[in-house]
Amino acid sequence: HNLYSMSGPRYTFTQEEEERGQAGLRALGIGSEDWFVCLHTRTPAYLDNNWNPVRDCPIENYLQAADWVVEQGGFVLRMGTGVEEPLPRELGPRIIDYALYHHNDFMDMYLLAKCHFFLGSTSGPICLPVLQGIPSGMGNKMPYFLTGMGKFTLYIPKFLRCRETAEILTFPKIQKLGLFHSGEKDIERQWQEKTYSKLGLTIIDNEPEDLVDLAKDLMDMACGRPVPDDARQLQQRYHNFHTEG
């Protein structure tokens with residue numbers, strides 16, 4: 001946590017690489033004065049055997065947040081590789097399906113180092129903007145034992161519903177089930193979908209409105225606006241479940 005929070009950008013670009021990156025942005029229709037957000041969700045298409053499916057989440061739930069970014073004047077680049085379906089074309093020209101039509105390895109690194117903020121899920125690409133000190137949000141965070149990576153990250157977890165009663169479990173109840181615990185055996189079981197099935201639980205993805213709120217919080221962080229006191233208190237209460245677990 002301290003290394004992520006206190007160190008500066010961890011990788012840089014040569015002048016030649018900067019020129020290459022700027023040319024890549026122009027090819028996407030993004031000018032030197034424009035700003036953009038990188039968007040990524042983990043889906044079953046990435047791994048044929050669907051390892052750790054508890055981390056998967058649908059891109060569709062993030063599109064309302066993408067629309068909100070466009071309303072603020074930004075561009076949105078859908079990141080990734082091996083995606084299943086193209087984004088709907090009616091989203092407009094400022095939401096760019098980079099993953100499907102423009103992907104290359106160099107631009108992956110460049111875009112994730114230059115975005116205004118990153119909006120994603122429990123998957124590897126979030127690590128790169130965090131290394132650069134760029135505000136990064138993990139929607140649909142799962143499993144619960146995972147924490148953020150330094151002061152530049154925000155995250156909202158998935159929820160759990162009891163199949164028998166249809167009740168949405170509170171975090172204290174989830175903690176009593178050992179799903180905040182970070183022991184080696186606890187971690188191993190939390191990666192597995194069968195763990196939740198045996199407990200009679202259904203995993204619920206974040207709603208689009210929740211992800212819009214996450215995008216708004218990331219924008220505040222990117223613009224240097226402080227976290228309201230009531231929100232900070234709620235963040236601390238959630239943090240306590242990790243320290244107690």
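Predicted model: local features only at pLDDT ≥ 70, side-chain atom pairs only at ≥ 80, totals over all residues.
Local features were considered only at pLDDT of at least 70 and side-chain atom pairs only at pLDDT 80 or more, whereas totals for chains, interfaces and linings use all residues. Residues are numbered from 1 along each chain as its sequence is written, and side-chain values use heavy atoms, with hydrogens and water left out.

Helix 10 comprises 15 residues, 208–222. From its first C-alpha to its last, helix 10 reaches 21 Å, close to the 21 Å expected at 1.5 Å a residue; the expected span is 1.5 Å times one less than the number of residues. The buried residues of helix 10 (buried, under 20% relative accessible area; exposed, over 50%; partly exposed, in between; 1.4 Å probe, protein chains only) are P208, L211, V212, L214, A215, L218 and M219. These residues lie on the same side of helix 10 because they cover an arc of only 160° around the axis, the arc being that of the directions from the helix axis to the C-beta atoms. An α-helix has 3.6 residues a turn, so residues three or four places apart point the same way. The elements covering the buried residues include helix 3 (63–71), strand 4 (117–120), strand 5 (136–141) and strand 6 (153–157), with contact defined as heavy atoms within 4.5 Å. Just after helix 10, G224 adopts a positive phi of about 80°.

Most residues other than glycine have a negative phi, and most peptide bonds are trans. N140, which is not a glycine, has a positive phi of about 55°; N140 belongs to strand 5 and is buried, at 0% relative accessible area. A166, likewise not a glycine, has a positive phi of about 65° and is located in the loop between strand 7 (159–162) and helix 7 (171–176). The peptide bond from M142 to P143 is cis, with omega near 0°, and P143 is placed in the loop between strand 5 and strand 6.

Grid points are joined across faces, edges and corners, and a volume is the space filled by probe spheres set on the points. The largest pocket has a volume of about 1,400 Å³. Its lining contains 35 residues, of which L154, Y155, A231, L234 and Q235 lie nearest the centre. Helix 11 (229–244), helix 10 and strand 6 each supply at least two lining residues, and helix 11 contributes the largest share, eleven residues.

Two cavities of 30 Å³ or more were found in the whole structure.

The structure holds zero disulfides, a disulfide being a pair of cysteine sulfur atoms within 2.5 Å. For C115, the nearest cysteine sulfur, that of C38, is 4.1 Å away; C115 is buried, with a relative accessible area of 5%. The sulfur of C223 is too far for a bond, because the closest cysteine sulfur, in C115, is 13 Å from it. C223 is partly exposed, at 40% relative accessibility.

Technical notes:
Helix = DSSP H or I, 4+ residues; strand = E, 2+ residues; numbered from the N terminus. 1 Å grid on protein atoms, 1.4 Å probe; cavity = no way out; pocket = protein on both sides within 12 Å on 5 of 7 lines; lining within 4 Å.
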